[in-house]
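Welcome to this short tour. Please open the model in your viewer and keep the selection tool to hand.

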Amino acid sequence: MMFFRVCALMLRRNTFGEVWCAVVTFQRFRVNFSVQRYKNTMLSSRVVVVTGGNKGIGKAIVQALCRDFGGDVYLTARDQGRGQEAVASLSAEGLKVHFHQLDIDDVASIAKAAGFFKQKYGGVDVLVNNAGIAFKAADTSPFSVQAEVTLRTNYFATRDMLTHFLPLIKAGGRVVNVSSFVSVRSLNKCGPRLQERFRSPDITEEELTGLMEDFVALAKEDQHKVQGWPDTAYGVSKIGVTTLSMIHARRLSKERPNDKILVNACCPGWVRTDMAGPKATKSPEEGAETPVYLALLPADASEPHGKFVSEKTVQAW
């Protein structure tokens with residue numbers, strides 16, 4: 001549009017000096033626009049996305065990354081109002097944080113968010129899958145309901161997130177899936193056949209998903225314990241998250257060996273949140289330490305990758 005305005009000016013004014021000034025002005029406009037666009041691209045080229053970031057461990061992860069990550073930090077949450085409140089409270093601390101609505105239980109919401117980050121940033125540098133749920137110990141909901149609801153969010157929705165976002169992870173990227181020490185404890189309570197499959201280096205995502213579906217189906221019939229499953233929906237869901245992290249790590253090492261992407265599952269510990277209660281031993285800030293450590297692994301790091309990490313240390317699986 002600016003080019004045509006200059007041409008019109010040249011036609012209206014036949015003086016060489018005036019035309020030359022117009023051309024110089026146009027060239028300066030082009031240079032200034034290009035420089036500003038380059039600066040904007042450089043300032044916003046790196047981005048981290050944290051799910052379930054409006055409270056608890058998720059908010060503490062966002063808080064730490066705002067201070068230590070060299071790029072844009074996105075707090076995402078299912079509820080827009082609560083997400084914006086969290087952003088406002090962090091902004092009041094002098095932190096720069098962005099918000100994007102994201103409900104991991106809604107595949108359309110996941111796809112919309114993935115499209116946004118692909119268009120604006122060309123991908124994602126760090127993804128922290130923190131969103132999750134747990135029933136209280138005193139909850140009277142039937143175990144069949146707890147199994148279905150818990151796995152729907154903690155495993156199947158997290159898997160949907162990874163399906164849409166893993167292709168967006170840039171070279172040198174980091175993926176952190178928040179799991180739990182309960183995953184290891186629950187794995188050790190599984191029957192020998194299940195333990196062998198969950199620890200197997202050749203288990204596939206399809207097989208893992210089938211096992212998670214089997215657990216939900218067996219729980220509805222009250223047959224899960226007979227078939228070698230532990231009596232904990234949360235524990236089984238986190239077995240799924242940890243095993244899925246290992247599967248994706250192996251896949252990325254094979255399919256994108258030169259990109260140095262690191263994928264890990266981690267336990268934040270027993271943290272004082274709405275989920276764990278006020279008697280837990282860690283503050284949210286302390287719980288955020290291991291997830292943030294994995295999110296900020298240096299560019300030349302090759303490990304940990306495909307591991308379960310607690311207290312910044314690789315744990316046996």
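Which side chain does a polar contact of 2.8 Å join to that of Ser179? Select Thr242: the side chains of Ser179 and Thr242 make that contact, a polar contact being a pair of N or O atoms within 3.5 Å, where within protein one must be able to donate a hydrogen and the other to accept it, and residues adjacent in sequence count only if both atoms are side-chain atoms.

Before moving on, note that this is a predicted model, where local features need pLDDT of at least 70, side-chain atom pairs count only at pLDDT 80 or more, and totals for chains, interfaces and linings use all residues. Residues are numbered from 1 along each chain as its sequence is written, and side-chain values use heavy atoms, leaving out hydrogens and water.

Stay with Ser179, in the loop between β5 (169-178) and α7 (181-187). Ser179 is buried, at 3% relative accessible area (buried means under 20%, with a 1.4 Å probe and protein chains only). Beyond four places in sequence, the residues Ser179 touches include Lys238, Val241, Cys266 and Phe308 (contact means heavy atoms within 4.5 Å).

Next, select helix α10, residues 233-255. Of its 23 residues, 17 are buried. At the start of α10, look for a side-chain oxygen of Thr232 within 2.8 Å of the backbone nitrogen of Gly235.

Show Glu205, Leu208, Met212 and Phe215 in α9; their partners in α10 include Val236, Leu244 and Arg251.

Key:
Helices (H or I, at least four residues) and strands (E, at least two) are DSSP runs, numbered from the N terminus. The expected span of a helix is 1.5 Å times one less than its number of residues. Buried means under 20% relative accessible area, exposed over 50%, partly exposed in between (1.4 Å probe, protein chains only).
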